[in-house]
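Reader: Can you walk me through this one? I'd like the plain version.

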Amino acid sequence: MYIGGVILFLFATQIASGVLLLLHYQSSAEHAFESVTRIAGEYPYGDLVRGVHFWSGQLLVATLLFQLILSMLRGTFTAPRELVWVSGVLITTVAAAFAFTGSVLPWTEDAYAQARVGSQMASYVPVIGGTLLRLLRGGDEITSQTL
């Protein structure tokens with residue numbers, strides 16, 4: 001199967017579309033929503049680039065999960081390939097975290113709620129939960145620093 005090539009293509013698509021979106025995105029809490037609206041409405045093909053970025057991100061996470069499930073079914077997580085399995089789990093975790101942080105960037109009411117619920121879920125991690133919560137929120141509360 002060509003799952004690795006699909007993952008690489010989706011990752012490259014994420015980088016290319018992310019750079020294009022980054023050119024016009026403003027990361028302040030006051031201007032984030034307006035900049036996303038401007039990207040989608042005013043710039044040529046801005047809505048297309050934003051859609052490609054969103055869907056390639058979703059497909060990337062789904063494809064990584066599919067790869068992990070396939071590896072489990074094939075039993076390729078045992079020696080001598082256990083390092084490949086561990087790296088796949090780490091890459092999938094990082095991609096899921098990027099998908100979560102990307103969903104907060106428009107800074108709408110839904111994004112605020114996602115930031116609140118998602119960061120609260122991180123606080124349930126044993127031992128490092130409190131630290132992880134403060135890291136994700138950029139402090140004790142959800143503010144513009146969270147964005």
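**Loops, helix contacts and rings**

Author: Let's start with a loop. V127 sits in the loop between α5 and α6. Helices here are DSSP runs (H or I, at least four residues), numbered from the N terminus. The model is a predicted one, where local features need pLDDT of at least 70, side-chain atom pairs count only at pLDDT 80 or more, and totals for chains, interfaces and linings use all residues. Residues are numbered from 1 along each chain as its sequence is written, and side-chain values use heavy atoms, with hydrogens and water left out.

Reader: What is the phi of V127?

Author: Positive, about 70°, although V127 is not a glycine.

Reader: And is V127 buried or exposed?

Author: V127 counts as exposed, at 87% relative accessibility. The cut-offs: buried is under 20% relative accessible area, exposed is over 50%, partly exposed is in between, with a 1.4 Å probe and protein chains only.

Reader: OK, helices. How do α3 and α4 cross?

Author: Helix α3 covers residues 46-74 and helix α4 covers residues 82-104; their axes come within 9 Å and cross at roughly 155°. Axes are lines fitted to C-alpha atoms, for helices over the stretch in contact, and angles run from 0 to 180 degrees between N-to-C directions. α3 and α4 are therefore roughly antiparallel to each other. That word applies over 145 degrees; under 35 is roughly parallel, 65 to 115 roughly perpendicular, and the rest oblique.

Reader: Which residues make the contact?

Author: From α3, V61, L64, L65, L68, S71 and M72; from α4, W85, G88, V89, I91, T92, A95, A96 and A99. Contact means heavy atoms within 4.5 Å.

Reader: How many of those are nonpolar, polar or charged?

Author: The contact of α3 with α4 has 11 nonpolar residues, three polar and no charged. Ala, Val, Leu, Ile, Met, Phe, Trp, Tyr, Cys and Pro count as nonpolar, Asp, Glu, Lys and Arg as charged, and the others, Gly among them, as polar.

Reader: What about α2 and α3?

Author: Helix α2 (residues 32-41) packs against α3 at an angle of about 110°, with the axes 5 Å apart. So α2 is roughly perpendicular to α3. V36, I39 and A40 in α2 meet G46, D47 and R50 in α3. That contact divides into three nonpolar residues, one polar and two charged.

Reader: Switching topic. Where is the cis peptide bond at P80?

Author: The bond runs from A79 to P80, with omega near 5°. P80 lies in the loop between α3 and α4.

Reader: How many aromatic pairs are there?

Author: Three. Rings of Phe, Tyr and Trp (its six-membered ring) pair if their centres lie within 6.5 Å; planes under 30 degrees apart are stacked, over 60 edge-to-face, the rest tilted. One of them is F54 with W55, edge-to-face at 4.9 Å centre to centre and 85° between the planes. F54 is partly exposed at 44% relative accessibility, and W55 is exposed at 55%.

Reader: Which residue does W107 pair with?

Author: Y112, edge-to-face, 6.1 Å centre to centre and 80° between the planes. W107 is buried at 17% relative accessibility, while Y112 is partly exposed at 37%. W107 is in the loop between α4 and α5 (109-122). W107 has a positive phi of about 55° and is not a glycine.

Reader: Last one. What does L147 touch?

Author: Beyond its neighbours within four places in sequence, L147 contacts Y25, S27, S28, A29, A32, V104, L105 and W107. L147 is in the segment after α6 (129-137).

Definitions and conventions:
Helix = DSSP H or I, 4+ residues; strand = E, 2+ residues; numbered from the N terminus.
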